[in-house]
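Please study the sequence and the structure before reading each solution.

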Amino acid sequence: MGKKKPRPRRSFTPEFKAEIVELCQRGERTVGQIAKDFDLTETAVRAWVKQAELDAGTRDDGMTTTEREELAQLRRENRRLREDVEILKRATVFFAKETR
């Protein structure tokens, strides 16, 4: 049996995701049917629906998009500050040796 080739990673616009979520929330078709009709994975569609529900406040078992963006921004800032501290430590050691 041959291995199934993995699908290349695709990206979708927020507008497209919102349309898919709206179709799912109407309840006319199942998530599986919608995913198949649009050549998407059920996992991705379910994740989009969950995120939309979190953002709307109808769920509370995860982070909203705003919270996720803030967390990512804080992690970037934290990483930059750690790098700055490391540079300052090295500079302190260098100048301490120079002044002796």
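**Charged residues at the surface**

At 49% relative accessibility, Glu70 counts as partly exposed, a class that lies between buried (under 20% relative accessible area) and exposed (over 50%), with a 1.4 Å probe and protein chains only. This is a predicted model, in which local features need pLDDT of at least 70 and side-chain atom pairs count only at pLDDT 80 or more, while totals for chains, interfaces and linings use all residues. Residues are numbered from 1 along each chain as its sequence is written, and side-chain values use heavy atoms, with hydrogens and water left out.

**Exercise 1.** Determine which residues form a negative surface patch together with Glu70.

*Solution.* Step two is to list the patch: Asp55, Glu67, Glu69 and Glu70 form it. Patch residues have over 30% relative accessible area and no salt bridge, and like charges are joined within 9 Å. Step three is to identify the main contributor: helix 4 gives the most to this negative patch, with three residues.

**Exercise 2.** State how many salt bridges a search of the whole structure finds, and describe the one between Asp39 and Arg10.

*Solution.* The search finds eight salt bridges, each being a side-chain nitrogen of Lys or Arg within 4 Å of a carboxyl oxygen of Asp or Glu. In one of them, the side chains of Asp39 and Arg10 meet at 3.8 Å, N to O. This pair links distant parts of the chain, 29 residues apart: Asp39 lies in the loop between helix 2 (31–37) and helix 3 (42–56), and Arg10 in the segment before helix 1 (14–26). Asp39 is partly exposed at 44%, and Arg10 is partly exposed at 36%.

**Exercise 3.** Locate Arg90 and Glu86, and state how far apart they are in helix 4.

*Solution.* Both residues lie in helix 4 (residues 65–98), four residues apart, about one turn of the helix. Arg90 counts as exposed at 58% relative accessibility, whereas Glu86 is partly exposed at 36%.

**Exercise 4.** Identify which residues are linked with Arg59 in a network of salt bridges.

*Solution.* The network links Glu53, Arg59 and Asp61. Within it, the side chains of Asp61 and Arg59 meet at 2.9 Å, N to O. Asp61 is partly exposed, with a relative accessible area of 44%, and Arg59 is partly exposed, with 31%.

How values were computed
Helices (H or I, at least four residues) and strands (E, at least two) are DSSP runs, numbered from the N terminus. Patches are made of residues with over 30% relative accessible area and no salt bridge: like charges are joined within 9 Å, nonpolar side chains (Val, Leu, Ile, Met, Phe, Trp, Tyr) within 5 Å. Accessible areas come from the Shrake-Rupley method with a 1.4 Å probe; for residues, only the protein chains shown count as cover. Lys and Arg count as positive and Asp and Glu as negative; His and the chain ends are not counted. The place of a charge is taken as NZ of Lys, CZ of Arg, CG of Asp or CD of Glu.
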